Amino acid sequence: MSNVTITNHPLIEHKLSILRDVNTNPTIFRQLVSELGALLCYEATRDLPIKPVEVQTPLTTMTAYEMQESIALIPILRAGLGMVEGIWALIPNAHVFHIGFYRNEQTLEPVEYYNKLPKNHPFNTCLILDPMLATGGSAIATTDIIKRWGAKKIKFVGLIGAPEGIRALQEVHPDVDIHLAAIDDHLNEKGYIVPGLGDAGDRQFGTV
Ligand code: PRP
Ligand code: URA
């Protein structure tokens, strides 16, 4: 089974509580999604390979370390977009490739509408970004696509997960590590995470 890492830290708890608040406006909501993405990314990238490099400091030379490979950030449109900025600021040499899914409101099945993965140029390590892991359908379908593309090491970085979605992703893709800020109680009959924060895409882009 894949690992589930819940990063609980006072900053994350604080920002998450504002994010959940129904009265938080889209401007603050977007800022928080970006900041929380960066805080979670710190933990999610802990095991990235590094390689030694010789560095000339103002005083001497030394062996320092830099990332061994460039990685791909794969935000799931729309809500995953908000997590890109904060993470990209931490990893400026990452590449960003977008995948678009929306959920069919009746079946809750993910429907693909956009894919900008470069042909024949897979990245070994990919972080899938999406604030919400609800039924898990969007994360599973995105992982399917990225694996077919050739990615070997895939992590899902989200903000809130439902137990149902975590289990589903673990069952289908046990090799994908899951990084979240919180696991909530359950999904309601419409597939929303409870207590959750509502629709993460609508709340970022003011389309409620
Ligand atoms: C939301 C969210 C995830 C998906 C999670 O997207 O951003 O992509 O639902 O649900 P799942 O785990 O059940 O697949 P939504 O369909 O609302 O599209 P949006 O991001 O464009 O608002
Ligand atoms: N997608 C969201 O944006 N929120 C949920 O609670 C479930 C799916």
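Two residues are taken to be in contact if their C-beta atoms, placed from the backbone, lie within 7 Å. Please also keep in mind that this is a predicted model.

Let me begin with Ile 193, which lies in strand 15, residues 193-194. Leaving aside neighbours within four places in sequence, Ile 193 is in contact with Met 132, Ala 134, Ile 160, Ala 162, Asp 184 and Leu 187. Ile 193 counts as buried because 27 C-beta neighbours lie inside 10 Å, the threshold being 20 or more. The UniProt annotation "binding site", from an unreviewed entry, covers Ile 193 together with Gly 198, Asp 199 and Ala 200.

Ala 200, in turn, belongs to helix 6. With 25 C-beta neighbours inside 10 Å, Ala 200 is likewise classed as buried. Its contacts, again leaving aside neighbours within four places in sequence, are Ala 79, Pro 131 and Met 132.

I turn now to the ligand. Which residues come nearest to ligand 1? Of the 24 residues around ligand 1, they are Ala 79, Ala 134, Thr 135, Ser 138 and Gly 201. The shell divides into 12 nonpolar, 7 polar and 5 charged residues. At least two shell residues each are supplied by strand 4 (72-77), strand 6 (99-103), strand 9 (132-133), helix 4 (137-149) and helix 6 (200-205).

Not counting residues up to four places away in sequence, Ala 134 touches Ala 162, Gly 165, Leu 187, Gly 191, Tyr 192 and Ile 193.

Gly 137 has its place in helix 4. Gly 137 is buried, with 22 other C-beta atoms within 10 Å. Beyond residues up to four places away in sequence, Gly 137 touches Arg 103, Leu 108, Glu 109 and Pro 110. A "binding site" feature in the unreviewed UniProt entry includes Arg 103, Ala 134 and Gly 137 among its positions.

Three strands form an open sheet in the order 9-11-13, with parallel pairing. Strand 9 and strand 13 (182-183) are the edge strands, each pairing on one side only. Strand 9 pairs with strand 11, residues 160-161, over 2 bridges, and Leu 133 has Gly 161 as its bridge partner in strand 11.

Note on methods:
Residues numbered from 1 in each chain as written. Chains lettered and ligands numbered in written order. Predicted model: local features only at pLDDT ≥ 70, side-chain atom pairs only at ≥ 80, totals over all residues. Near = placed C-beta within 6 Å. Helix = DSSP H or I, 4+ residues; strand = E, 2+ residues; numbered from the N terminus. Nonpolar A, V, L, I, M, F, W, Y, C, P; charged D, E, K, R; others polar. UniProt positions renumbered as here; feature names shortened; annotations may be inferred. Buried ≥ 20, exposed ≤ 12 C-beta atoms within 10 Å, placed from the backbone. Pairing = 2+ DSSP bridges.
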